[in-house]
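Hi there,

Here is the structure I promised to send over.

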Amino acid sequence: MPPEMDWSAPWLSGWRARGEGLQHAWRTGAPLPGLLSEVGAAQGLSVRFVSQAALPEGQAYEQFIFEQGQVPTRENLHDFFNGLCWLRYPQTKQQLNRLQGAEIARQGVQSTRGPLRDALTLFDENAALLQAPEPLWQALLAREWQRLFLDLRPLWAQARLELFGHALLEKLVQPYKGITAHVYAVPVPLGLDGDAAWDAWLANSLSADGLRHKPFTPLPVLGVPGWWPENAHAAFYADASVFRPRRAPA
């Protein structure tokens, strides 16, 4: 049976409207691909969800989605969150898959993914999106953790962090201090509001050339003010094994 989840967790606030009811139905024994497909069809999603057994042996997962418009789905939390992401950010997920499919068509399926497919996978699995005042962005990119989380703490009331990566969301079902997101290093425009607007903006911003350079910066997510009780104390951020300083240039 799928595990229980704390839908009151702050990192799930944007996922709760779709996810809580789906998880409840899933816990009663309904197959996950069918549940996701039903919701997806109601909102006009361009793909449907199928059992993992539908993926032919030897075919790349991304290539199958690109060619068939079907998402192989296992009965686990990882694929549950992947399905939710398709429902919440359909244009972005379609664009990520389109870029994967084009790269597979260009390069074939190699023993290693290559820079672009690596970046696409990293985005899909572990990305986060940040809308925030410029001083927070400056401190984040510099990895000035004390400034980011303590000196500028009041500014977080004007910020919004959304987790996109489904592996990242899966990890946070059992949270621990070291969980780190790869924040997409392109600021979400201030004033942009609502899932549909974020989705359209994000899908339009993703390109093969931009992603090859891995435009990410790390963020230990439980350091976000209000996301974890222990971070109310300055000592929480003194752990250099989690809040690592930027390396000096070689």
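The largest pocket holds about 350 Å³ of space. A pocket here is an open set of points on a 1 Å grid over the protein atoms alone, where a 1.4 Å probe fits, with protein on both sides within 12 Å along at least five of seven lines; lining residues have an atom within 4 Å of a point. The volume is the space filled by probe spheres set on the points, which are joined across faces, edges and corners. Of its 20 lining residues, Tyr61, Glu62, Asp124, Glu125 and His166 are the closest to the centre.

This is a predicted model: local features need pLDDT of at least 70 and side-chain atom pairs pLDDT 80 or more, while totals for chains, interfaces and linings use all residues. Residues are numbered from 1 along each chain as its sequence is written, and side-chain values use heavy atoms, without hydrogens or water.

Helices H3, H4 (77–88), H5 and H6 (115–126) each give at least two residues to that lining; helices are DSSP runs of H or I with at least four residues, strands are E runs of at least two, and both are numbered from the N terminus.

The second largest pocket has a volume of about 300 Å³. Among its 14 lining residues, Arg143, Thr180, Pro218, Val242 and Arg244 lie nearest the centre. Strand S6 contributes the most to this lining, with 4 residues, and S5 supplies at least two.

Best wishes
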